[in-house]
Amino acid sequence: MRSLVIGAAGSGTSTLGQALASEFGASFFEADDHFWVASDPPYQTKRSPDERLRSVLDALSRSPSAVLAGSVVGWGSELENCFSHVVFLSVPTDVRLARLRQREMNRFGHVNEAFLDWAAKYDEGDIADRSRAAHERWLSERTCLTLRISGDVPVEQGVTRIVEALSNNAFERPCSVGGPRLAAAEASCPAAQLDR
């Protein structure tokens with residue numbers, strides 16, 4: 001099993017990813033740990049695209065079962081196409097921003113308003129590599145199973161939804177790479193969206 005949990009900043013990808021990894025006895029990785037050079041304070045220097053791709057592929061290659069949390073849009077097809085399934089979290093902006101504000105205070109003792117402004121623009125689609133539009137486009141190009149979880153869903157409930165979807169094969173299945181998703185009654189492959 002190789003899972004990717006994606007969504008906007010503050011949507012809970014790390015928290016759900018860690019819980020999912022624990023549920024399956026899988027290794028857990030953060031995309032940010034491969035995107036940014038380790039520093040104190042963190043998030044100061046980006047790794048080169050080649051360096052981050054090598055770093056995350058190396059980490060994943062050492063784990064037969066793994067969960068990666070975070071966006072890897074545009075990192076390279078070798079990584080982007082290596083997942084058995086993708087979980088896409090969609091959380092209301094006000095909830096995400098409140099979580100981020102609290103996280104910033106807990107980690108750093110202050111809030112980076114520029115970061116919150118950046119995170120607030122996710123649904124507007126004007127951020128090339130980290131917006132809802134970019135994620136939706138990226139998801140439409142995947143050939144692996146996908147599951148959408150919408151709303152402010154407790155972690156335990158999110159894990160349960162994923163486990164049930166895996167058990168019941170209730171993930172969306174793209175019928176063709178980059179092609180439209182057909183309604184379940186019309187599709188040659190089943191589609192399910194768990195937005196409850």
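The expected span of a helix is 1.5 Å times one less than its number of residues. In this predicted model, helix H1 covers residues 13-24, and its twelve residues should therefore span 16 Å, which agrees with the 16 Å that separates its end C-alpha atoms. Within H1, the residues Thr13, Ser14, Leu16, Gly17, Leu20 and Ala21 are buried. These residues cover an arc of only 165° around the axis, so they lie on the same side of H1. The partners against which the buried residues of H1 pack are the strands E1, E2 (27-30), E3 and E4, together with helix H8 (155-168). After H1 comes Gly25, which has a positive phi, near 65°.

In soluble globular proteins, nonpolar side chains tend to be buried together. Here the largest nonpolar core has 26 residues, and those with the most contacts inside it are Leu4, Leu68, Val72, Leu79, Phe83, Val86 and Trp138. Two or more residues of this core come from each of strand E1 (2-7), H2, H3, strand E3 (66-69), strand E4 (85-90) and helix H7 (132-140), and H3 gives the most, with five residues. Trp138, if its neighbours within four places in sequence are set aside, is in contact with Leu4, Ile6, Val72, Val73, Glu80 and Val86. Apart from this core lies another, of 14 residues, which includes Leu20, Ala26, Leu147 and Val153.

The backbone deserves a separate look. Most residues other than glycine have a negative phi, and most peptide bonds are trans. Against that background, the peptide bond from Asp40 to Pro41 is cis, with omega near 5°, and Pro41 lies in the loop between helix H2 (31-35) and helix H3 (49-61). Tyr43 is also placed in the loop between H2 and H3, and its phi is near 65°, a positive value in a residue other than glycine. With a relative accessibility of 36%, Tyr43 counts as partly exposed.

Which cysteine sulfur is closest to that of Cys82, and at what distance? The closest is in Cys144, at 9.0 Å, which is too far for a bond, because a disulfide requires a pair of cysteine sulfur atoms within 2.5 Å. Cys144 is accordingly in no disulfide, and the count by this rule comes to zero disulfides.

Note on methods:
Residues numbered from 1 in each chain as written. Predicted model: local features only at pLDDT ≥ 70, side-chain atom pairs only at ≥ 80, totals over all residues. Heavy atoms only, no water. Helix = DSSP H or I, 4+ residues; strand = E, 2+ residues; numbered from the N terminus. Buried < 20%, exposed > 50% of the residue type's maximum accessible area, 1.4 Å probe, protein only. Core = buried A, V, L, I, M, F, W, Y, C linked by side-chain atoms within 4.5 Å. Contact = heavy atoms within 4.5 Å. Arc of directions from axis to C-beta.
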